[in-house]
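The entries below follow the order in which I went through them.

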Amino acid sequence: KLLEDLLVDCEREIWISGYRLILTRNIASHLANAVKRGAFVKILISPPWKEGFKSVYGEHEKVLDNYFIVFQAIARASHDVESSCEVRFTSKPIFNDTYKVDGHLITGPYMHNRDEEYNRITANDFFTYNLTKKSRLYRLVENEYETVWEEAEETLVWSEFIKIADDFIHKDLREREKIELMRNACAPINQHDSIAKVEKKLNVKVNRTKEKDESVREKVGSL
């Protein structure tokens, strides 16, 4: 409810981090509305094909449906999804499910820390601890997100995601097959590679035309 309330007025930026995106799936429509208002979304995920996820959840969690629903909602809401959302995948464990909505930071359960204003924070404050002031703890959580973001190894290439969407929706796929589809829509990235450089390497923006862009938008709209 707290996130939903904050997203109603969001028009600048949204940060998301997590493993399974269960909560994010539930607020996908609110994310889409924020994107329509011009908000830029950053999604940082520790996915099931990387060791960080496996160390926490093992190898039998089914999460790819959540990923697809969130990505699909954002893609449908944007006329140019590449300028509206960036998704990165990390092998590092994510100790806090963190959401940033404009100036607000909502953090998760795995934090035992102290703050001058709020005193001790424990797991009981899961998704109710709203960091709205530039306190030491606010900076700590913000910097942690930015550090893992900068060190992430892979990025989602949106044009590749569009290509695999039909198979995901219309075929009866096992979770392992869905994982492979998603991995096929990713490209490696490092500190010296921008999204544009990665896409250029994959030749996904070369020879783009207005007609091709309209075709992509129509395909996304039918999902």
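What is the handedness of the crossing of α7 and α8? I found the crossing of α7 and α8 to be right-handed, where a crossing is left-handed if the near helix is turned anticlockwise from the far one by less than a right angle, and right-handed if clockwise.

Before going on, I noted that this is a predicted model, in which local features need pLDDT of at least 70 and side-chain atom pairs count only at pLDDT 80 or more, while totals for chains, interfaces and linings use all residues. Residues are numbered from 1 along each chain as its sequence is written, and side-chain values use heavy atoms, with hydrogens and water left out.

Entry 1, overall.
I read 10 helices and 10 strands in the protein; helices (H or I, at least four residues) and strands (E, at least two) are DSSP runs, numbered from the N terminus. Of the 223 residues, 48% are buried, with buried meaning under 20% relative accessible area, exposed over 50%, and partly exposed in between (1.4 Å probe, protein chains only). I also looked at contacts, meaning heavy atoms within 4.5 Å, and among those with a separation of 6 or more, residues 24 or more positions apart account for 75%.

Entry 2, helix pairs.
Two packed helices are described by the angle between their axes and the distance between the axes. The axes are lines fitted to C-alpha atoms, for helices over the stretch in contact, and the angles run from 0 to 180 degrees between N-to-C directions.

I returned to helix α7 (residues 158-170) and helix α8 (residues 175-184), whose axes come within 9 Å and cross at roughly 160°. The two helices are therefore roughly antiparallel to each other, since angles under 35 degrees count as roughly parallel, over 145 as roughly antiparallel, 65 to 115 as roughly perpendicular and the rest as oblique. On the α7 side the contact is made by Glu 160, Phe 161, Ile 164, Asp 167 and Phe 168, and on the α8 side by Lys 178, Leu 181, Met 182 and Asn 184. I sorted these residues into 5 nonpolar, 1 polar and 3 charged, counting Ala, Val, Leu, Ile, Met, Phe, Trp, Tyr, Cys and Pro as nonpolar, Asp, Glu, Lys and Arg as charged, and the others, Gly among them, as polar.

Next I took helix α3 (residues 28-36) and α5, whose axes come within 8 Å and cross at roughly 25°. That makes α3 roughly parallel to α5, and their crossing is right-handed. The contact joins Ala 28, Leu 31, Ala 32, Val 35 and Lys 36 of α3 to Ile 69, Val 70, Ala 73, Ile 74 and Ala 77 of α5, and I counted 9 nonpolar residues, no polar and 1 charged.

How do α5 and α8 pack, and at what angle? I noted an angle of about 40°, with the axes 10 Å apart, and the two helices are therefore oblique to each other. Here Leu 64, Asp 65, Tyr 67, Phe 68 and Phe 71 in α5 meet Glu 175, Lys 178, Ile 179 and Met 182 in α8, a set that divides into 6 nonpolar, no polar and 3 charged.

Within helix α5 (residues 64-77) I looked up Asn 66, which is buried, with a relative accessible area of 8%. Leaving out residues up to four places away in sequence, Asn 66 touches Arg 20, Leu 21, Ile 22 and Arg 25. I then followed Leu 21 to the loop between β1 and α2 (22-26), where Leu 21 is buried at a relative accessible area of 4% and has a positive phi near 60° although it is a residue other than glycine.

Cys 10 is buried at 0% relative accessibility, and Cys 85 is buried at 2%. I placed Cys 10 in the loop between α1 (2-8) and β1 (13-18), and, not counting residues up to four places away in sequence, Cys 10 touches Ala 34, Arg 37, Ala 39, Val 101 and Asp 102. The C-alpha atoms of Cys 10 and Ala 34 are separated by 5.8 Å, with the two residues 24 residues apart along the chain.

Asp 102 lies in the loop between β4 (99-101) and β5 (104-107), counts as buried at 13% relative accessibility, and has a positive phi of about 50° although it is not a glycine.
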